Amino acid sequence: MAIGWKREDQPSGAGSALTEDTPSRPFVFDVSEIPGRTNVEILGDTEETAPLLEVLGRDLVTRTLVQTPTLCVYHETAAPGARVAPHRHGTHQVMYVLRGALFFGAKRVGPGMGYFTPDKLYSWRAGEAGA
């Protein structure tokens, strides 16, 4: 499933996130100052969004750091045992774990580790401490 929605965690011009609506410029950001929103808050809780919420989970918390047509960077927090079903984004994906663990099949990715996938289906589940 290709995910085709625009995340709007950060209103245009607010905070320090770079979005499609702001000019490209160097900036410094503090993740704690960027509001986090769940997938339900981002997508809404409707019949139309139900299939996406089933794939991505309802409670994954996302902070948009950069969102342009060529680059998206998100800071996400997953609850213990959270799961994301097989999906793809239409771009290469890099996941970098700061704390906890993500499991991509049997492969555990812990703090300081990352996972790269080209534009192919992937899925993960969070470990006992979340991620």
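Contact here means heavy atoms within 4.5 Å. This is a predicted model, so local features need pLDDT of at least 70 and side-chain atom pairs count only at pLDDT 80 or more, while totals for chains, interfaces and linings use all residues. Residues are numbered from 1 along each chain as its sequence is written, and side-chain values use heavy atoms, with hydrogens and water left out.

**View 1. Thr49 sits in the loop between helix H1 (39–43) and helix H2 (50–56).** Helices are DSSP runs of H or I with at least four residues, strands are E runs of at least two, and both are numbered from the N terminus. Thr49 counts as buried, at 8% relative accessibility (buried is under 20% relative accessible area, exposed over 50%, partly exposed in between, with a 1.4 Å probe and protein chains only). Setting aside neighbours within four places in sequence, Thr49 touches Leu43 and Gly44. A polar atom of the Thr49 side chain lies 2.9 Å from the backbone oxygen of Gly44.

**View 2. Ser32 turns up in the segment before strand E1 (37–38).** Ser32 is exposed, with 61% relative accessible area. Its side chain makes a polar contact of 2.7 Å with the side chain of Asp30 (a pair of N or O atoms within 3.5 Å; within protein, one must be able to donate a hydrogen and the other to accept it, and residues adjacent in sequence count only if both atoms are side-chain atoms).

**View 3. Ser32 and Arg63 are 31 residues apart in sequence.** In space, C-alpha to C-alpha, Ser32 and Arg63 are 9.2 Å apart.
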